[in-house]
Amino acid sequence: MLPESKVFFRRLGARVRQIRKGRGWSIDDMEVRGLRAKHWQQLETGRPITVETLLRICQALEVTLAFLVADLDAGIYKELPLPVPKKKDITSRKQRPKSDESLPDV
């Protein structure tokens with residue numbers, strides 16, 4: 001796992017907890033919605049999850065995936081150097097004759 005992804009999962013857990021508490025639901029209430037209480041506790045503390053689990057959480061919380069993960073990745077990507085394009089060797093190309101030069105005079 002990338003070190004930066006730990007930040008994402010901690011943020012996700014915090015958002016899930018915020019939504020759950022905002023609706024007045026306890027962790028035990030979430031068990032009725034499809035995930036065990038222990039799983040919710042792990043999730044809310046930043047445990048990495050699969051996309052399938054993420055979709056189950058969206059269903060349980062009655063939110064869209066876009067809403068749940070919006071901006072959670074802000075600032076976690078390392079800047080990567082841009083690739084330097086290779087110079088093309090123009091001498092290896094066959095040069096085309098100009099259109100008038102290739103036709104014989106008639």
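Me: What covers the buried residues of α3?

Reply: The cover includes α1, α2 (27–32) and α4, contact meaning heavy atoms within 4.5 Å; helices are DSSP runs of H or I with at least four residues, numbered from the N terminus. This is a predicted model, in which local features need pLDDT of at least 70 and side-chain atom pairs count only at pLDDT 80 or more, while totals for chains, interfaces and linings use all residues. Residues are numbered from 1 along each chain as its sequence is written, and side-chain values use heavy atoms, with hydrogens and water left out.

Me: Which residues of α3 are buried, and where do they lie around the axis?

Reply: Buried means under 20% relative accessible area with a 1.4 Å probe, protein chains only, and in α3 this holds for A37, H39, W40, L43 and E44. Viewed down the α3 axis, these residues fall within an arc of 160°, so they line one face of the helix; the arc is that of the directions from the helix axis to the C-beta atoms.

Me: At what angle do α1 and α3 pack?

Reply: Axes are lines fitted to C-alpha atoms, for helices over the stretch in contact, and angles run from 0 to 180 degrees between N-to-C directions. Helix α1 (residues 3–22) and helix α3 (residues 37–44) pack at about 125°, their axes 7 Å apart, which makes α1 oblique to α3, given that angles under 35 degrees count as roughly parallel, over 145 as roughly antiparallel, 65 to 115 as roughly perpendicular and the rest as oblique. The contact is made by G13, A14, V16, R17 and R20 of α1 with W40, L43 and E44 of α3.

Conventions. Helices (H or I, at least four residues) and strands (E, at least two) are DSSP runs, numbered from the N terminus. Buried means under 20% relative accessible area, exposed over 50%, partly exposed in between (1.4 Å probe, protein chains only).
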